[in-house]
Amino acid sequence: MSTSPASQVFHRDLLHPAPAVDRASGVHVWDVDGNRYLDASSGGNIVISIGYGVQDVLDAMAEQAAKVSFCGQFTSEPQEQLARELADFAPEGMDYVRFTSGGSEANETAIKLARHYFVESGKPSKHKIVGRWRSYHGNTLGALSATGHVMRRVSYAPMLLPFAHAAPPYRYRCTLCAQSDACTLSCADDVERVILNEGPEHVAAFIAEPVVGAAAMGMVPPEGYFERVREICDEYDVLLIVDEVLSGMGRTGRNFAIEHFGVVPDLITCGKGISSGYSPLGAVIARNEIYDAVAAGSGMFEHGFTYGGNPLSCAVGLAVLRHIEKHDLVARAGDVGGYLIDEIRAAIGDHPLIGEVSGLGMLAGIEVVSDRTTKEPFPYELGVSKRIARKCQERGVLINPSFSGNADGYRGDRFGVCPPYIFERADVDHTVAVLAEAVADVAAELA
Ligand code: PMP
């Protein structure tokens with residue numbers, strides 16, 4: 001893919017400017033030189049859920065833009081209707097929605113709402129948030145304080161808020177109970193340890209991604225993990241916030257990934273797939289008790305962002321959600337996604353470079369290691385997953401290179417293959433064939 005010429009954009013990676021995209025349609029992206037790519041990365045950031053250029057969404061955008069695209073402190077029919085339909089899409093008893101412009105804002109909102117709930121409930125000392133290592137909740141400094149990803153935090157220390165972090169449910173590199181044959185859910189117990197350490201009377205919420213994204217792609221917790229976490233949260237009167245910015249809106253084959261684990265959280269944060277990238281949109285979905293406490297208290301949640309809930313983005317969100325439901329795309333993400341993970345495992349699962357293949361639905365994660373027996377990671381500087389992604393790109397397939405740092409949050413590589421839900425099995429076959437060639441190429445280079 002060609003790169004932007006003489007860019008004056010302050011890109012993330014100044015040495016490797018971003019590829020220059022010209023247009024996209026369905027599951028394909030074209031660069032400015034006319035080269036076509038199969039997009040198994042959902043827009044690179046795991047955002048595109050329903051594919052590019054869906055006419056229903058384009059029509060809804062045009063119609064809403066012509067009516068009204070912004071209405072500030074007023075509400076609008078698209079906002080109200082999207083809230084109603086999202087509440088139906090969410091677990092029972094979660095009927096209230098606050099809109100934002102993206103995932104970081106959604107997590108900032110959830111953190112503030114958790115604190116506000118305890119103020120309204122007469123427990124103002126409960127203000128701390130507990131996160132986990134190997135997590136990502138956003139790049140704004142509040143969400144980054146909850147984030148447990150060394151690479152993203154390292155240049156910006158100290159964090160705005162000194163949030164504590166529990167162990168991740170990282171079975172492949174478990175430091176707690178992996179030495180024994182059976183998982184004893186020590187990672188869930190670690191949440192209790194951290195809450196007790198912080199003082200339960202000070203802890204407002206625990207935040208976690210049900211299936212981890214950017215900080216440890218495709219990390220799925222062991223069976224029973226979230227049930228135990230829910231019990232711990234209930235015992236200490238701590239809210240459970242699940243960050244479904246990446247895993248939600250159907251990507252894992254359930255409406256929200258937490259539904260795989262039979263637990264109802266207190267707050268769900270959304271982004272990415274909620275608008276499938278057609279317009280910036282995020283949301284926090286709250287359990288009714290939280291709304292009721294605020295309504296019975298001050299009646300105010302003094303918080304908001306100018307563009308949160310704007311009618312144009314909400315009309316997009318509504319069209320995307322209806323498209324997902326009309327075409328049964330959640331079931332399809334589960335079905336074709338399951339096939340994707342099986343095929344990746346079959347093709348490269350035994351390769352000497354591959355430590356683990358994991359994930360759920362259209363959220364597949366692959367960890368590369370320099371030694372399968374010792375699980376020794378590659379040094380960060382080698383950028384092995386980026387090299388694999390570049391080889392795929394040269395062959396016309398886009399995947400999700402990691403932002404690095406898994407073995408210890410700095411070294412190691414875990415990358416993703418996270419296509420839009422409309423991928424066909426033939427698209428999976430092509431992606432996996434190209435991936436296998438790319439892995440073989442990089443292994444040969446490293447040898
Ligand atoms: N949470 C998770 C789990 C994410 O994957 C991301 C984005 N990668 C965010 C939060 C932040 O969302 P945004 O970039 O829209 O602010």
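The protein chain of this predicted model contains 13 helices and 14 strands, where helices (H or I, at least four residues) and strands (E, at least two) are DSSP runs numbered from the N terminus. Its radius of gyration, taken over C-alpha atoms, is 21 Å, close to the 22 Å that the globule rule (2.2 Å times the number of residues to the power 0.38) gives for 447 residues, so the chain is as compact as a globular protein of that length. Residues are numbered from 1 along each chain as its sequence is written. Local features need pLDDT of at least 70 and side-chain atom pairs count only at pLDDT 80 or more, while totals for chains, interfaces and linings use all residues.

**Domains**
- An automatic or database assignment gives domain 1 (21–50 + 328–446) and domain 2 (56–326), with 25 Å between their centres, taken over C-alpha atoms.
- Contact, meaning C-beta atoms placed from the backbone that lie within 7 Å, links 37 residues of domain 1 with 33 residues of domain 2.
- On the side of domain 1 that touches domain 2, the elements giving two or more residues are helices H1 (42–46) and H11 (329–348) and strands E11 (354–360), E12 (363–368) and E14 (413–417).

**Helix packing**
- Helix H3 (residues 77–89) packs against helix H10 (residues 311–326) at an angle of about 35°, with the axes 8 Å apart; axes are lines fitted to C-alpha atoms over the stretch in contact, and angles run from 0 to 180 degrees between N-to-C directions.
- Among the residues that meet are Leu82, Leu86 and Phe89 in H3 and Leu318 and Leu321 in H10.

**Overall extent**
- The C-alpha atoms fill a box of roughly 65 × 60 × 40 Å along the principal axes.

Notes. Contact = placed C-beta atoms within 7 Å.
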